[in-house]
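Take a look at the model below. Start with the ligands, then turn to a pair of helices.

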Amino acid sequence: MSGIEDPVDDLSVTPPKRWATGVPAVTHALEYSLGQTTVRRTALTLLNINQVKGFDCPGCAWPEPAAGKRHRNEYCENGAKHISDEATSRRVTADFFQQYSIAELGARSDYWLNQQGRLTEPMIKRPGAEHYEPIGWDEALDVLAGELRRLDSPDEALFYTSGRLNNEAAFLLQLFARAYGTNNLPDCSNMCHESSGSALTETLGIGKGSVSLDDIHTADLVFVVGQNPGTNHPRMLTALEETKRNGGKVIAVNPLPEAGLIRFKHPQKARGVIGRGTAIADQFLQIRPGGDLALFQALNRLLLEAEDERPGTVLDHAFISAHTTGFADFADHARKIAWEDVLDATGLTREEIERVHDRVLESGKIIVCWAMGLTQHKHGVPTIREVVNFLLLRGNIGRPGAGVCPVRGHSNVQGDRTMGIWERMPQTFLDALGREFGFTPPTRHGLDSVDGIRAMRDGTAKLFLGVAGNFVRASPDSHVTEEAMRRCRLTAHISTKLNRSHTVCGDTALILPTLGRSDRDIQASGEQFITVEDSMSEVHASRGRLAPASPHLLSEVAIISRLAHRTLGGTPAIPWEEFEADYGSVRDRISRVVPGFEDFNARVAAPGGFRLPNPVNRRVFRTSSGKAVFTVNGFTMPDIPEGHLLLQTLRSHDQWNTVPYAMDDRYRGIHNARRVVLVNPADLTALGFADRDRVDLVAVWHDGLERRAEDFRVVAYPASRGSAASYYPETNVLVPLDSVADISNTPTSKGVLIRLEATRAAD
Ligand SMILES: Nc1nc2c(c(=O)[nH]1)N[C@H]1C(S)=C(S)[C@@H](COP(=O)(O)OP(=O)(O)OC[C@H]3O[C@@H](n4cnc5c(=O)[nH]c(N)nc54)[C@H](O)[C@@H]3O)O[C@H]1N2
Ligand SMILES: Nc1nc2c(c(=O)[nH]1)N[C@H]1C(S)=C(S)[C@@H](COP(=O)(O)OP(=O)(O)OC[C@H]3O[C@@H](n4cnc5c(=O)[nH]c(N)nc54)[C@H](O)[C@@H]3O)O[C@H]1N2
Ligand code: SF4
Ligand SMILES: [Mo]
């Protein structure tokens, strides 16, 4: 099992691909799967992904087509890799932990840790011990419950979740945390789409996207901003292909010419397999990093000026006056934007921006899609607010074929929020929860991910429970985060696979292994299914089909229910044992607490499930004024002093967040290496470096601490001027904990000021 050695960097570079998917994608997916498990298990796994009676792809949150319209293979290369990674036949057993000390495991790569296979039984690291040892479930949960009861205050505990968690377990986890007495529910969303949630809640009254798959298909113009769908949401390309077939246009905005945005070959269609594929982007704007706020402000100014020239033809006055507030102040500000600043911030030409403006005028229905390229910047929230301004101007909110589309990451990250995983749930939710379960939930806001790290660092949080995810690797400032975790009395992780977080331990540490999406889940009342909500608010069931990875695994619902029971004691008001026995009883409670879930069990039984209503689509805005809000956003752009670059930390094609599956980034032409930094050749020359030079990346931040990522190889790459790109999580050491987006507190993973230094060892 431990024959898979730490990968050695052996960089080779080929020209970036002009197109995404096609035959190589299918081949790569099968290769990965067959490397993990048998042909039979591969077939069983792949045949059940995203089928109405199968399981939801544990990859991204892009929705499936309606029940009757699904393809037999309704998954992408990366979905197949994610599921094979979970369905692997490799196993991590008690012997493994005897063989490797925690320090030895800590020295291994993220890749190697993941390749060891599925976790199979609960393990404990006792205070002072150097190895994990096996422990029974009862004792493990007693240790955890005992520590929870011993804390001086419930606010000394953190309950982290990652977006793979299903609705039922998420609902129970937040119920447990609140019944225990804290709102400390940090989640991966804090590091992901929090800026979208903040901006959309303020301006439209709900922190979710408004569009459906049909809207994407029928839009006249779709912007894809700060997103790499070819890798991260591959089936979005199928949807955009349909948009184009229906006559719509696509504009891509990105510092990198990402493969999928340029040309796409549909792997399941003969045309895609043999032909040149569909050119997706009609226009590609190679923007400077962080320049998007300026771009949308410039577009808004152009729209206001066009309206001045041809009154009554450009703006949707009826919509603006009936449904919005703040137009006058917004318009005053937008008219004053200086072109010089816009061109400087965006690196685009005025002609390029005017061309976009022309397309906007030609388009009745417009959608803006975005992901981490917008949210993970210091001014991520104002940027998204400006996107909303742009859509409001022509009434592109609340009608078919138009709207906002923050493309979510994890398969159920949106559902987890709906279920109450948020440190700041509104009082109406807390009241409903308290009424249903007969207690008074705490009202003081809890800690998010960044504040949770600060609290562990400062000793005010002492217990960390992670449900799914890999908190230590996903978080910024790796050394600070690791030190913070080590200060805890207890760290515990409910996980499917081994990862770095298991190697960074508090005095006591627990690994609680759990069932994955693909595993069959049988409880006292029979076989169970769970539910998830995708990026477009579709809620549907997911049923595991494989024999569980080990007989000792418990489901997440079971672990949380048992832990809650042991910590809080049995009460008739919260029947934890019943919840574990029958997930339908959890859904009954959800239907009474969470708006939109009325009659949940019956509605989710329909093939394909149901869509949660989004009031924005009825032009109902749950803001304090009852209207959509135009906002005034100061003109902000990143300051990149001479000799520096703005680094973005992003995903390669072959990884799932903190977990690399291979050392390649095929579409960008990077092979056998992850410690690379992509920089425009002209910037390299100006900085005195050359392609393939060995460099350290050194972050520049005002606290004077040195943050250095050592020994990277420079790759001359057609990136926009002033930008650099390198992979996460290897570069998380560079992201200062205090470098966060205004308002949302999201780490600025796409805006890290760095300089390059020649690697000392190479001298
Ligand atoms: N295969 C795979 N799929 C995934 C994931 C994965 O790790 N692997 N992760 C999932 C998760 S949790 C998430 S959140 C999503 C993430 O999906 P993405 O947001 O697509 O992920 P990133 O790799 O972070 O890529 C960010 C993109 O934004 C661009 N960008 C960076 N800075 C800027 C900027 O200032 N302006 C503009 N306009 N663009 C910019 C980058 O060049 C890149 O194309 O993917 C999900 N899907
Ligand atoms: N520098 C930088 N940092 C970033 C980002 C970035 O772009 N740049 N992106 C941020 C974003 S968008 C996100 S979402 C976070 C991701 O942060 P996380 O969600 O915390 O990280 P993942 O890598 O998705 O977690 C992988 C682990 O989840 C566990 N797991 C997988 N499936 C299951 C399951 O079904 N149940 C359970 N219980 N466990 C499971 C496995 O043990 C696996 O090792 O990282 C953030 N951090
Ligand atoms: S697009 Fe996302 S959800 Fe769909 S199959 Fe691919 S990874 Fe899975
Ligand atoms: Mo994410």
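This is a predicted model: local features need pLDDT of at least 70, side-chain atom pairs count only at pLDDT 80 or more; totals for chains, interfaces and linings use all residues.

Begin with ligand 1. It is surrounded by 33 residues. The closest are N254, E258, G290, D292 and N657. An N or O atom in the side chain of E258 is 2.6 Å from an oxygen atom of ligand 1. A polar side-chain atom of D292 lies 2.7 Å from a nitrogen atom of ligand 1. The backbone takes part as well: a polar backbone atom of N232 is 2.8 Å from a nitrogen atom of the ligand. How much of ligand 1 does the protein bury? Taken alone, ligand 1 exposes 920 Å², and the protein buries 99% of that. Several elements give two or more residues to this shell: α3 (77-87), α11 (229-232), α20 (372-375), β25 (645-650) and β26 (655-656). By class, the shell around ligand 1 holds twelve nonpolar, 17 polar and four charged residues.

Now move to ligand 2. Here 29 residues lie around the ligand, and Y160, S162, A474, E556 and T658 come nearest. The side chain of Y160 has an N or O atom 2.7 Å from an oxygen atom of ligand 2. Nitrogen atoms of the ligand are contacted too. A polar backbone atom of I494 is 2.9 Å from a nitrogen atom of ligand 2. A polar side-chain atom of T649 is also 2.9 Å from a nitrogen atom of ligand 2. On its own, ligand 2 has 930 Å² of accessible area, and the protein covers 97% of it. The shell around ligand 2 divides into ten nonpolar, 14 polar and five charged residues.

Which residues are around ligand 3? They are N50, C57, G59, C60, W62, Y75, C76, G79, P234 and R235. Three cysteines, C57, C60 and C76, are on that list. Six residues of the shell around ligand 3 are nonpolar, three are polar and one is charged.

Finally, consider the helices. Packed helices are described by the angle and the distance between their axes. Helix α15 covers residues 292-309, and helix α18 covers residues 339-346. Their axes come within 9 Å and cross at roughly 145 degrees. The crossing of α15 past α18 is left-handed. On the α15 side, the contact is made by A294, L295, A298, R301 and L302. They meet W339, V342, A345 and T346 in α18. By class, this contact has seven nonpolar residues, one polar and one charged. D292 links the two parts of this tour: α15 spans residues 292-309, and D292 is among the residues closest to ligand 1.

Conventions: Residues are numbered from 1 along each chain as its sequence is written. Chains are lettered from A and ligands numbered from 1 in the order in which they are written. Side-chain values use heavy atoms; hydrogens and water are left out. Axes are lines fitted to C-alpha atoms, for helices over the stretch in contact, and angles run from 0 to 180 degrees between N-to-C directions. Helices (H or I, at least four residues) and strands (E, at least two) are DSSP runs, numbered from the N terminus. A crossing is left-handed if the near helix is turned anticlockwise from the far one by less than a right angle, and right-handed if clockwise. Contact means heavy atoms within 4.5 Å. Ala, Val, Leu, Ile, Met, Phe, Trp, Tyr, Cys and Pro count as nonpolar, Asp, Glu, Lys and Arg as charged, and the others, Gly among them, as polar. A residue is near a molecule or strand if one of its heavy atoms lies within 4 Å of it. A polar contact is a pair of N or O atoms within 3.5 Å; within protein, one must be able to donate a hydrogen and the other to accept it, and residues adjacent in sequence count only if both atoms are side-chain atoms. Accessible areas come from the Shrake-Rupley method with a 1.4 Å probe; for residues, only the protein chains shown count as cover.
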